[in-house]
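Work through the exercises below with the sequence and the model side by side. Try each task before reading its solution.

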Amino acid sequence: MSKVIVVTSGKGGVGKTTSSAAFASGLAAKGHKTAVIDFDVGLRNLDLIMGVERRVVYDFVNVINGESTLKQALIKDKRVENLFILPASQTRDKEALTKEGVESVINELKEDGFDFIVCDSPAGIEKGAFMALYFADEAIIVTNPEVSSVRDSDRILGILQSRSKAAKEGRTVKEHLLITRYSPDRVEDGDMLSMDDIVEILSVPLIGVIPESDTVLQASNSGNPVILDNESPAGKAYIDVVGRFLGEDIPLRFTKAEEKKGFFKKLFG
Amino acid sequence: MILKGEMSMLNVLHLQTIDVDKIYTELKMKRDVSPQFFMRIPIIIDCAGLVLDDTKNTISDLFGLFSSLKKAIHELGFTLIGIRNQPESMKKLLLNSGWTIMPNNAKVKPSKSVNKANQEQKNSKEKQNVISTEPPTKGEPEQKTIESTGKIINKPSLMIDRPVRSGQQIYAAGSDLTVLSATSAGSEVMADGSIHVYGALRGRVLAGVKGNESARIFCQSLQAELIVIAGRYQLLDESDTNLIGKPAMIHLNGEKLIIEPLA
């Protein structure tokens, strides 16, 4: 049974594309045929983050308009088996997306045997974001531990539960909260919202906490999803997220502030 | 298509006289107390207590008066649904000109004794026409008239079992509102009756929207941005209360919103 998962947030710049790339790669690495679609028509980023920007011939809008087949547009990832990327158009805008067009692409992916279809949503609550969430069975709400991000996540949750196709058909979209750019030290200092605060405000089950990490920038620059970086705490946290999504019971990591080591302790361990 | 029987509340205008001007004035006063509540409410005319001066009014005169009354009621913004316990002589005429005749239910038929009626009229203090709300009767001998003060809550509470998210608006028309989760900052919850939130109350909360001054607001954690009861509002920031973040109950006392701890 194929599942459509939207990665959305409302707020911009919180880590939707980074998370979509990591999450889709993680699912594929576990043996599931996975497609990740960039819904940010006109401001596409997914192809960059996944390192396939020089292999884009046809895009999502071409497929919707019948200018190419889905197979011609899908880009097969060279590092991870079972992973396919459907890039967005850079020259057109979100008006090019239609419900019928998006539905037909998603249905074709399902018929092609894809287990998971990850929809990387653009920021905002307008057409692009709406199209990305409309056909979702499950949703990952990416939130930074910061007040405006939390408020915007709340807004997109409301839209998800009232205007998605599932909502119209009386089903609920399963919600998962993914906190990104978390800094346990700053939480302990009282500067940053804690994960408990965020869960309390949003009332959505937590699927994971991704720590703030320099490795994320390195990953974007090199075009390798951060989950493929074995040294990165963020990458490891994404691996945990994929595990939890697939039903494993994995405790949270990277959420406690490190003990401040004194000089001698640092010397002698 | 499904044909179902239902109970619903009706507003009944009990006539003692057919003095259209007097009725218009009294009805207007009543309406102006709570104009939003009375806007377009369905109303039926009950003539059980109507005292007619037969010597003065012929049938066609009477009909003219009823027509004027119909016009006056419509002008004031009420929706006239029908008439009941009408004088027997009027029935056919009313029926033929499109009036809806509701089932009669009065024990006492309209009195035709003029002198006695006049005497009664002079002696009694309150010979005003009364608006009441009561369930439509099915052969009930006794009618109770309840003075309406905009307190009518005739539907079960609207129950919301999911968080009310930022940007969402919930309006419980004609009833209380119960939310079984929290309401978010940037949301609006409104009800004609009271509002009960079994969780944190953030965002805006408006109770007694149509003028019900006895509506209350209950919550487990008071963090609302704006609190309104029957049109009187207050920003939480400007409230002198130490109950922020605590279980609270808010009601209207005169023009002031009183915030108290939930017992």
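**Exercise 1.** What percentage of the 269 residues in chain A is buried?

*Solution.* Note first that the model is predicted. Then apply the cut-off: a residue is buried when its relative accessible area is under 20%. In chain A, 54% of the 269 residues are buried. Now turn to the surface. Chain A exposes about 12300 Å². Carbon and sulfur atoms supply 49% of that area.

**Exercise 2.** Describe the secondary structure and the contacts of chain A.

*Solution.* Start with the elements: chain A has 13 helices and eight strands. Next, take the contacts in chain A with a separation of 6 or more. Of these, 73% join residues 24 or more positions apart.

**Exercise 3.** Which residues touch the most other members of the largest nonpolar core?

*Solution.* That core holds 52 residues. F39(A), F60(A), L86(A), V102(A) and L109(A) touch the most other members. Follow L109(A) as one case. Leave out residues up to four places away in sequence; L109(A) then touches A35(A), I37(A), L70(A), L74(A), F114(A) and I117(A).

**Exercise 4.** Are C119(A) and C219(B) buried or exposed? How many disulfides does the whole structure contain?

*Solution.* Take each cysteine in turn. C119(A) has a relative accessible area of 0%, so C119(A) is buried. C219(B) has a value of 1%, so C219(B) is buried. Then search for sulfur pairs within 2.5 Å, the disulfide cut-off. Over all chains, the search finds zero disulfides.

Technical notes:
Residues are numbered from 1 along each chain as its sequence is written. Chains are lettered from A and ligands numbered from 1 in the order in which they are written. This is a predicted model: local features need pLDDT of at least 70, side-chain atom pairs count only at pLDDT 80 or more; totals for chains, interfaces and linings use all residues. Side-chain values use heavy atoms; hydrogens and water are left out. Buried means under 20% relative accessible area, exposed over 50%, partly exposed in between (1.4 Å probe, protein chains only). Helices (H or I, at least four residues) and strands (E, at least two) are DSSP runs, numbered from the N terminus. Contact means heavy atoms within 4.5 Å. Accessible areas come from the Shrake-Rupley method with a 1.4 Å probe; for residues, only the protein chains shown count as cover. A nonpolar core is a set of buried Ala, Val, Leu, Ile, Met, Phe, Trp, Tyr and Cys residues joined through side-chain atoms within 4.5 Å.
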